[in-house]
Amino acid sequence: MGWIGEIIHSFKSIQIRQAFSQAINLGMIVTSALIMWKILMCVTGSESPVVVVLSESMEPAFKRGDILFLHMNKDPIRTGEIVVFNVEGHEIPIVHRVIEVHEREDTSDADILTKGDNNDLDDRAGFLYAYEQHWLKPQHIMGRAIGFLPYVGWVTIIMTEKPLIKYILIGALGLLVITSKD
């Protein structure tokens with residue numbers, strides 16, 4: 001049984017090395033994605049350079065499931081621009097059009113009012129802003145829309161709304177990584 005034991009030991013050693021190699025490959029993929037995201041953040045000047053439109057509030061300009069590419073710079077926000085912003089009480093960023101801007105001459109501060117193209121009321125009248133907030137400030141703006149890909153964001157929407165599909169997909173990808181020979 002000596003030579004059989006050596007073969008089994010050799011086989012186990014190969015499997016351990018292969019599993020270790022696959023774990024390193026998976027780590028490299030995740031690390032590469034994070035590095036690419038950080039580079040995009042630096043290049044675009046936006047904390048979130050890519051967002052998914054989650055509602056119909058911006059139709060017909062953007063539909064639910066469209067992916068928006070954002071850019072942020074020091075230029076003042078202008079009426080007509082489509083911006084993505086955060087407000088207190090909402091976890092998810094909001095994509096709406098700027099309909100009014102009041103700039104102060106003595107500072108770089110401005111009051112900004114937004115509205116979804118498909119909404120009847122502006123965001124202040126529609127109670128979208130935080131309690132007793134009447135205007136957005138430039139610091140609420142995460143970025144300005146500079147381009148989009150239609151429908152690609154549906155993958156994100158489906159995985160958010162149907163967590164079972166997300167777990168099945170993650171499990172399948174994990175299984176693929178574990179069972180791959182290369």
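This note goes through selected residues, backbone features and nonpolar cores of a predicted model.

1. Basis. The model is predicted, so local features need pLDDT of at least 70 and side-chain atom pairs count only at pLDDT 80 or more, while totals for chains, interfaces and linings use all residues. Residues are numbered from 1 along each chain as its sequence is written, and side-chain values use heavy atoms, with hydrogens and water left out.

2. Largest core. A nonpolar core is a set of buried Ala, Val, Leu, Ile, Met, Phe, Trp, Tyr and Cys residues joined through side-chain atoms within 4.5 Å. Buried means under 20% relative accessible area, exposed means over 50%, and partly exposed lies in between (1.4 Å probe, protein chains only). The largest such core has 13 residues, and Ile77, Phe85, Leu136 and Ile141 have the most contacts inside it. At least two residues of this core come from each of β3 (82-85), β4 (94-103) and β5. Strands (E, at least two residues) and helices (H or I, at least four) are DSSP runs numbered from the N terminus.

3. Second core. A separate core of 10 residues includes Met58, Leu68, Val95 and Met142.

4. Phenylalanine 85. Contact here means heavy atoms within 4.5 Å. With neighbours within four places in sequence left aside, the contacts of phenylalanine 85 include Pro93, Ile94, Leu128, Tyr129, Leu136, Ile141 and Met142. Among its other contacts are His96, Thr114, Asp123 and His140.

5. Serine 48. This residue sits in the loop that runs between α1 (2-44) and β1 (50-52). Serine 48 is buried, its relative accessible area being 13%. Beyond neighbours within four places in sequence, serine 48 touches Trp37, Leu70 and Met142 by the contact criterion.

6. Backbone exceptions. Most residues other than glycine have a negative phi, and most peptide bonds are trans. The bond joining glutamate 59 and proline 60 is cis, with omega about 10 degrees; proline 60 is in the loop between β1 and β2 (67-71). Phenylalanine 127 is not a glycine but has a positive phi of about 60 degrees. Glutamate 132 also has a positive phi, near 65 degrees.

7. The loop between β5 and β6. Phenylalanine 127 is found between β5 (110-115) and β6 (141-149), and glutamate 132 lies in the loop between β5 and β6. Phenylalanine 127 is exposed at 73% relative accessible area, and glutamate 132 counts as exposed at 59%.
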